Every structure is written in structure tokens, then in C-alpha cells.
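Have a look at the model before reading on.

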Amino acid sequence: MSRATVSFETVGCRLNQYESDALERVFVDRGYTVVPFHRPADVCVINTCTVTGRSDHRSRQMVRRACRTNPDATVVVTGCYAQNHPAALASIPGVGLVVGNAAKMRLPDLVSGANGRATVVLDPLPEIFQESPASRGRMGGRTRAFLKVQDGCDMSCAYCAVRIARGRSRSRTWAAVQAEARGALEAGYREIVLTGVNLGSYGRDLGDSADLTGLVGRLAALPGVARVRLSSVEPQEVTEDLIEMVASHPKVCRHFHLPLQSGSEPVLRRMNRSYDPDHYTSLVRSLADRIPDCGIGADVMVGFPGETETDFRRTRTLLESLPLTYLHVFSYSPRPNTAAAEMGPPVPAHVRRARSQALRDLGKDKNRRFRNRAAGQTLEVLFETEAAPGRLVGLTDNYIRVEADGTCEDRNRVFRVRIDRVTEARTAGCVEAEVHRKAVLTRPEVCEEAKG
Amino acid sequence: MCPPRSFFIETLGCQMNVYDSELLRRRFQSYGFRPAPSADRADVILVNACSIRKRAEARAWARLSQYAGLKGDNGHPLVVLCGCVASRVVKGLGEGEVSGVDVVAGCGSYDHLVAILDAQLGVRRGPNGPLVLADSPTATYHEMPAAGEAPLRAFVSISRGCDSHCAYCVVPSARGPHRSRPLRQIIDEVAALATGGTQEVTLLGQNVNIYRDGAAGFCEVLRAVNEIPSIARIRFTSPHPRDMTGEVLRTMAACERVCEHLHLPLQSGSDPVLEAMGRGYTTSDYRGVVDEARRILPGVAISTDLMVGFPGETDDRFEASLRFVEEMAFDAAFTFKYSPRPGTAASRLPGQVPEEVKGARLERLLRVQNRATDASNRRLVGQRADVLVEGLDRRKPSLLTGRTRTNRLVSFEGPDSLVGTLQTVRIESVGRWIAFGRRVEEGAAGGGERP
């Protein structure tokens with residue numbers, strides 16, 4: 001008899017991607033073979049997202065597609081949309097199981113107990129970090145290891161459905177983080193990207209004076225690591241120590257992602273964000289002053305209920321004035337059971353579209369200027385993938401995607417690259433020399449994967 | 001805005017179901033639902049059903065089909081099955097027709113049940129059949145707000161599920177593995193009830209003796225609840241004879257609010273039957289616990305559960321059981337005929353006992369136990385007892401009625417204003433189920449609050 005097959009589709013953030021990978025290993029440990037999502041499978045898992053209305057829509061689309069193309073499969077829906085709206089998903093014809101966030105690592109058991117009735121399984125969201133039962137195997141041919149160190153959030157931003165889906169903030173212990181990081185480094189990963197729902201709150205629940213800065217320092221000291229990168233950190237969580245760590249440690253990437261959401265004080269207050277535009281401004285300026293060429297990104301939301309033209313102008317003026325290097329722009333969509341959903345009429349769609357377009361243009365412009373400044377500089381690039389035969393792409397530590405000539409043997413290695421060409425869409429350069437900060441762990445299978 | 005929605009809960013079965021219905025009622029109200037005066041006027045009808053015996057489950061299915069008949073063309077109202085029967089349906093062990101049911105909600109789904117029902121109102125049922133909410137093995141479904149006026153006597157769960165696997169019992173398959181509720185939450189809930197006016201709490205667990213939250217065991221629960229002001233009485237159910245310790249008995253003695261009442265389910269007084277049931281103790285172990293309880297807790301009332309006709313209960317074994325029950329001289333007992341339940345080990349055992357034999361044995365057992373109950377009652381005459389006044393006597397509204405610390409029902413004369421207070425009553429006469437007495441006035445010879 002052939003082995004049972006399972007396919008995955010992930011909607012949403014890096015955390016979801018990380019958790020889908022972990023889930024994949026849980027299934028593989030049970031003897032399943034993983035197949036691509038468009039191929040027939042015995043079990044189809046859709047890991048959903050509910051951060052915006054569009055994520056809900058996309059999630060439902062993927063569920064319907066799975067049911068259509070795999071009428072005989074057990075279709076399993078999990079993730080944040082499943083946690084928050086299980087009944088809506090269970091009513092889609094063909095869905096077998098709807099499994100909330102806390103129960104998802106039990107999926108193989110739940111699949112074997114499925115009895116043909118659309119069944120919802122929600123476990124209480126845990127108060128302490130839940131380790132995945134999967135083996136720590138090597139994961140696909142990647143270069144940057146996303147490492148989940150935290151889950152949940154104790155803030156109560158008015159627009160946010162994710163904290164409802166994820167529960168209280170809880171941190172992973174150093175023992176568990178270290179074990180997974182070492183495993184990833186032994187498997188050949190060079191860069192560790194810390195992920196969580198609210199990374200800045202890391203350690204608060206562990207009670208042993210652990211914090212994000214300490215975690216970053218300990219990870220950067222592990223043998224074999226080339227880089228440690230932060231993902232999004234809330235502005236009020238960026239401490240002096242953290243700035244110092246990023247400014248001074250050669251292996252910690254000069255890269256901050258700081259959600260702003262709005263540059264208008266009254267809007268921030270209604271959003272229940274715990275900082276004001278002045279705090280944000282001084283934080284970003286201080287980062288730019290102390291960390292030369294630091295990559296600094298921001299999330300911005302347009303069209304929050306009651307956002308006036310004046311509010312929007314304040315946001316745009318603030319963004320223009322700040323040394324940000326890229327923007328992620330979102331259009332507000334009301335999420336059920338959130339405070340903002342009760343805050344009166346939405347900003348008309350055409351207004352939201354126009355505001356969003358204006359900020360996207362601004363972001364492009366800022367990013368272009370940042371990359372122009374890099375022209376002529378020599379930056380360290382960790383090559384990840386082959387964009388075309390003989391042409392590699394990778395990230396600089398300050399978050400510029402750079403292309404240069406190279407062979408697939410150069411993947412997953414760090415090179416000094418002199419930036420010589422910046423266009424709207426691309427940044428290109430020439431390799432000068434490889435960086436040997438530590439002995440490079442070789443990974444012969446990387447090239448075979450590239451050929452295969 | 002939308003008109004107020006209403007709910008109706010019908011509860012069948014044990015204290016745990018009664019407690020869960022109360023939690024669900026609170027949750028419905030926190031979602032803005034109002035209690036409906038009757039099922040036919042509700043938007044959501046919830047049947048919290050029991051599957052401990054065949055007859056109990058059959059009754060649940062009959063109610064569901066009756067409620068499904070109330071549905072109009074628009075599918076309104078929503079009919080929801082919950083309780084142990086639902087948990088067994090989730091596992092494919094149900095013994096009825098789910099086609100008229102909109103939602104099947106296992107016990108371990110109550111944390112989010114009302115949120116889901118709230119979202120489901122007005123949604124037409126899809127082709128996937130009833131929405132099935134599976135039990136979570138980790139849910140303790142108790143984080144529901146206790147607010148406002150509370151009853152004089154209230155239940156509070158300290159754990160969920162059961163790790164014993166008694167051969168006859170559906171509870172482990174229906175309620176999942178044992179998990180203790182955090183002590184902090186128990187204290188918070190009792191304190192909230194006390195603020196709302198509750199004076200007596202009954203701590204509920206399938207096996208209270210294996211309670212554990214970090215370093216705290218069941219004794220710590222008793223001690224912590226004993227510290228909560230304005231709770232006058234603490235009871236619990238059930239302990240397991242196998243796990244009962246002298247330490248618990250000594251803690252009961254040391255905590256002045258814990259009542260001298262022990263409900264200690266024996267099930268059978270025949271050692272081979274106890275072994276086949278998988279109870280984990282012998283009659284001699286059980287006798288040891290009872291002797292110790294009577295020594296440590298003078299005046300303790302001991303009640304029990306007894307089952308006749310378990311597979312393999314021969315005439316000799318039944319006679320032995322009867323003798324043991326007589327020897328134990330229980331103050332009260334709940335007696336049952338064994339009922340085979342699908343999916344349990346006992347339902348597949350050889351030596352099933354014919355129905356008429358079970359009936360005859362039950363009658364004999366009742367006669368023996370009634371003698372013991374009467375003897376226990378007669379010992380009360382002439383004694384003083386503290387009575388928590390619950391209300392007016394249902395049969396004679398001129399009388400007040402309440403319970404002693406040993407859980408005996410007492411009626412006496414007094415003004416309505418005494419309802420909700422503790423009174424000292426001298427017992428003058430006894431019937432099998434109720435005692436009659438006269439109130440001892442405050443300040444009269446030795447009329448204290450508590451012993």
C-alpha cells in the first residue's frame with residue numbers, strides 16, 4: 001500500500017508559514033508523504049489567516065479549491081480564521097475538520113479520528129508556550145531559518161483579530177529556542193529570523209529576567225550563525241539595550257520593522273496603541289543616527305474608522321519626515337468582535353484606495369532613495385536563491401535584496417558585494433569576496449536540490 | 001439593532017450537568033441572550049443530556065425530537081444537544097437520530113459554544129449536517145463569569161473528566177481525561193458566589209481525591225475554600241474510596257466549614273464484582289476508610305451509590321454484597337440497576353444478569369438500606385442540629401425547610417425571614433426522608449452558630 005499523502009496551503013504571515021512547516025514535520029513523523037497543494041492528496045491542510053477581510057476571503061478560496069480538487073480527501077482548516085470563525089468554515093461543503101490554533105499540533109490524531117461529519121475542534125489557547133511535538137529535522141533548501149520564539153499578544157489594539165485568535169502572550173524557553181536554533185545551524189541555515197506575534201514582549205512571562213535583547217545576544221553567540229534578524233517589534237517595546245545590541249553586534253542585522261499604523265495622535269488613541277507620534281519619531285531618528293544605513297520599515301494602516309483627511313495628512317507628513325527605508329501599507333477592514341468594528345461608519349472604499357496608493361508611492365520612493373544611497377557601497381549579502389542561471393539573489397543585513405553573478409555553490413554563503421546599479425525594481429552588484437567570519441558549514445545537498 | 005435573542009436550557013442528569021447548565025446560562029446572558037419562559041418561545045433550545053444509563057439517554061433523544069418538531073420552515077429555533085450524550089455522538093457512540101439537531105456540542109466545547117451559537121443564529125444549516133463541536137481534552141470550560149445574585153447553595157467544579165476506567169461507566173468516554181482546575185480559579189469563583197449571597201458550596205469532581213494544581217492537592221482546596229468569608233458550608237462529591245486518605249479526613253475535621261458528610265460510592269460489596277468493575281479497592285479497604293472516617297469525624301453521615309446486577313454478580317456474590325452493605329450501616333444510599341452502555345467494557349462481559357433478577361435484587365437491597373436509613377434517622381431524635389434554611393416546605397408551606405450539616409432534610413416552624421440563615425433546631429421526630437423539629441431561640445441554652 002502506498003503511503004498516505006498530505007498537502008499544505010498557508011495563508012498569511014511568517015508565523016503561519018513556520019507553523020505549517022512544523023505541522024508538515026508532525027505529519028512526516030507519522031509516515032505521511034507531503035505533496036504540492038495542487039496535487040491530489042489524502043489530507044489537505046489549509047492554514048488560514050484572519051488579519052484582514054482579504055485574508056478571510058483568500059482563506060475561504062483555498063478551502064473551496066481543496067474541496068473541489070480533492071473530493072475524497074479529508075479537508076482540514078486550521079489557523080487564525082479557523083480559531084475565530086469555526087462555524088463559517090465548517091459549513092463549507094466538503095470540509096472535514098476545523099481545528100483551532102491550540103489544537104493544530106494534534107492534527108494527525110484528529111484526522112485519524114475523523115468520522116465524515118464536519119467537526120470543529122478548539123482547545124483553550126494556552127497560557128504557556130506550546131512546543132510542537134515534531135522532530136527537529138532539516139527543512140527544505142532554505143537559507144534563513146524563521147524561528148518562532150513567542151506566541152500571542154497582551155495588547156488590545158482596537159482593530160486586531162489576531163490576539164483573539166492567538167491568546168495571551170507566552171514565550172519559548174531558552175532551552176527550546178537554543179535546541180531549535182542549533183538544529184537549524186547544523187542543518188546549514190546561516191541566518192536566524194526571530195518571529196512571534198508580539199516579539200517585543202518576549203520573556204516577560206518567563207520570569208527569569210529574560211528579554212528580547214538577551215535572546216538576540218545569546219543566539220548571535222551560537223557557533224555557525226552568520227546573522228540574527230528581528231522581525232516586527234512594537235515601538236514601545238524597543239529598549240535602549242536592544243538598540244545598543246543591534247548597533248554594536250556584528251552578527252545582528254541592522255534592520256528594524258516598527259509598526260506605526262497611524263501618524264495622527266487621536267487615531268492612535270482610538271486604535272488603543274500605546275505610543276504617540278512623537279515617541280515614534282524620536283525612536284526612528286535615534287535608530288537612524290546611531291545605526292548607519294539601518295533598514296527601518298513601518299506598517300501603516302489607512303482608513304481606520306473616523307480617519308479624517310487631516311489625520312491622513314498627519315500620517316503622510318510624518319512618514320515623509322522620517323528616515324524610513326520601506327513601508328507596508330494596509331487598508332483597514334473591520335474584523336468581527338473587535339472594538340474598532342463598533343466604531344462607526346467605515347471610510348469610503350475609494351478614499352481608502354487613494355490613501356493607500358499615496359502611501360505605497362511614498363514607500364517606493366523612500367526605498368528607492370535608500371537603495372540609491374547604497375550604490376557604490378560594499379555590502380554583505382547572504383545569497384538565497386538563483387534568480388536566473390548564474391544569477392543569485394540575497395538580502396543585505398539592512399534589508400536590501402541584491403542580485404549578483406554567482407553559481408549555485410555560492411548559495412547560502414555570505415559575500416561582500418559592491419552595489420553598482422539601482423533601478424525601480426532591482427538592486428544589483430558585483431561580488432568582491434566571500435566573508436569568512438566563522439568556518440562555513442558546507443551543505444552539498446543544496447546544489448542537488450537546485451538541479452532537481 | 002437586532003432584537004434580544006432568547007435561550008432555553010433543559011438539564012437532565014447529574015450535578016455536573018446542573019453546574020454546566022448554570023455556566024452556560026451565565027455565558028448566554030453575557031452574550032445578551034435572555035432566558036425564554038418556555039422552549040417554544042426560545043431562539044436556541046439546548047438539551048444538556050445524560051448518558052449514564054440507557055433510559056436517561058433515551059429520554060434525551062425523545063426531548064430532542066420533540067424540540068425539532070418546533071422548527072419552522074426557516075429552521076428556527078436552533079436545537080442544540082450537549083452534555084455526555086453529545087460527547088458520545090462526537091465519538092460515534094450516540095444512540096439516537098441527530099437529523100433534527102443543528103449543533104452537537106461535546107462537553108469539552110462549552111468554552112466557545114455560545115460564541116458559535118451566537119454566530120450561527122439565522123444561518124441555514126448547510127449540507128454538511130449538524131455542526132459537530134468536538135471535546136477538547138484540555139478544556140476545563142469554567143471560565144464563565146459568575147456575577148450578580150447567586151443561589152444559597154451552589155456547585156463549583158474543581159476538575160473535569162476522569163482517569164478511572166470503571167468497566168460500566170461512560171464518563172471517561174464522554175468527559176475525557178481528568179484535568180484539575182487551577183486553585184486560583186476555584187477560589188475566585190467561590191468568592192464571587194459568596195459575594196452574590198451563596199452560603200453553601202458543593203465542590204464537584206468525578207474523583208476529587210486526585211485533584212492537583214502544582215503543589216496543591218484536594219486538602220489545599222478544602223483549606224483554601226474554608227478561608228473564604230461568608231461561606232458557611234462546604235460539601236464535595238465524589239471522593240473515590242481507592243484514593244481517599246486519612247489526610248483528607250483530618251483536613252475535613254480541621255476545617256470547621258466542611259460538613260461531616262461523606263458520599264463514598266461503594267457500587268458493590270462483593271470483592272469479585274468490585275474487581276470486575278475495576279474499582280481498585282476491596283471491601284476490606286473500603287471498611288478501613290469508613291472506620292477511619294467515623295473515628296476522625298464523630299457524627300459523620302456516610303452515604304453511598306450501590307449497583308445491582310453487574311455482569312458476573314451471582315446470587316452468592318449479591319448475598320455477600322448485601323451483608324457488607326448491612327455491616328456498613330450507611331446513613332443513606334442511591335441504588336441502581338446496572339444498565340449496559342455501548343462502548344464500555346462491561347457491556348461486552350459474559351454473565352449479564354436478567355432484568356427480573358436485577359429488579360428482585362434491587363428490592364431486597366432497598367429493604368436492607370431502608371432499615372439502616374431509619375436507624376440512622378432515629379439516632380437524631382432529641383439532638384440539636386444546625387439547619388441552613390433553604391425555603392418553605394413544599395408540602396406544608398407553613399413550615400420552613402433546610403438541611404443539617406450531615407445533609408438531612410429538616411422541617412420546622414418559623415417566620416419566612418429565616419430563609420437563608422442558619423438556625424439551631426432540636427429534632428423531635430423523623431420520617432424516612434425528612435425530620436421535624438423545633439427552633440432553639442438565639443441565646444437559649446448553647447444555641448451556637450456552628451458546632
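Where is Pro77(B) found? Pro77(B) sits in the loop between helix 2 (54–68) and strand 4 of chain B. Helices (H or I, at least four residues) and strands (E, at least two) are DSSP runs, numbered from the N terminus.

## Ground rules

This is a predicted model, in which local features need pLDDT of at least 70 and side-chain atom pairs count only at pLDDT 80 or more, while totals for chains, interfaces and linings use all residues. Residues are numbered from 1 along each chain as its sequence is written, chains are lettered from A and ligands numbered from 1 in the order in which they are written, and side-chain values use heavy atoms, with hydrogens and water left out.

Most residues other than glycine have a negative phi, and most peptide bonds are trans. Another cis bond joins Thr237(B) and Ser238(B), where omega is about -5 degrees. Ser238(B) belongs to the loop between strand 11 (233–237) and helix 8 (246–254) of chain B.

Asn337(A) is exposed, at 65% relative accessibility. Asn412(A) is buried, at 5%. Here buried means under 20% relative accessible area, exposed over 50%, and partly exposed in between (1.4 Å probe, protein chains only).

## A β-α-β unit in chain A

Strand 10 (residues 191–195), helix 8 (residues 212–220) and strand 11 of chain A form a right-handed β-α-β unit. Right-handed means that, with the strands pointing away from the viewer, the path from the first strand over the helix to the second runs clockwise. Strands 10 and 11 of chain A pair in the parallel sense over four bridges; pairing requires at least two DSSP bridges.

In a regular strand the side chains alternate between the two faces of the sheet. Strand 11 (residues 227–230) of chain A shows two sets of side chains. Arg227(A) and Arg229(A) point one way, Val228(A) and Leu230(A) the other, and all are buried. Glu191(A) stands opposite Arg227(A). Glu191(A) also forms a salt bridge with Arg229(A), with the closest N and O atoms 2.7 Å apart. A salt bridge is a side-chain nitrogen of Lys or Arg within 4 Å of a carboxyl oxygen of Asp or Glu. The pair is 38 residues apart in the chain. Both Glu191(A) and Arg229(A) are buried.

## Domains of chain B

Chain B is divided into domain 1 (6–132), domain 2 (153–378) and domain 3 (384–439). These bounds come from an automatic or database domain assignment. The C-alpha centres of domains 1 and 2 of chain B are 29 Å apart.

Met16(B), Tyr19(B) and Arg88(B) supply 34% of the area that domain 1 buries against domain 2 of chain B, more than any other three residues. Five salt bridges cross this interface.

## Where the chains meet

18 residues of chain B are in contact with 18 residues of chain A. The chains bury about 1400 Å² between them, 59% of it on carbon and sulfur atoms. How many salt bridges are counted between chain B and chain A? The count is zero.

Helix 4 (residues 110–120) of chain B has buried residues including Tyr110(B), His112(B) and Leu113(B). The buried residues of this helix pack against helix 4 (86–90) of chain A, as well as elements of chain B that include helix 1 (15–30) and strand 3 (44–49). Gly122(B) follows helix 4 of chain B, with a positive phi near 80 degrees.

Terms used. Buried area is the accessible area (1.4 Å probe) that two parts lose on being put together, summed over both. Contact means heavy atoms within 4.5 Å.
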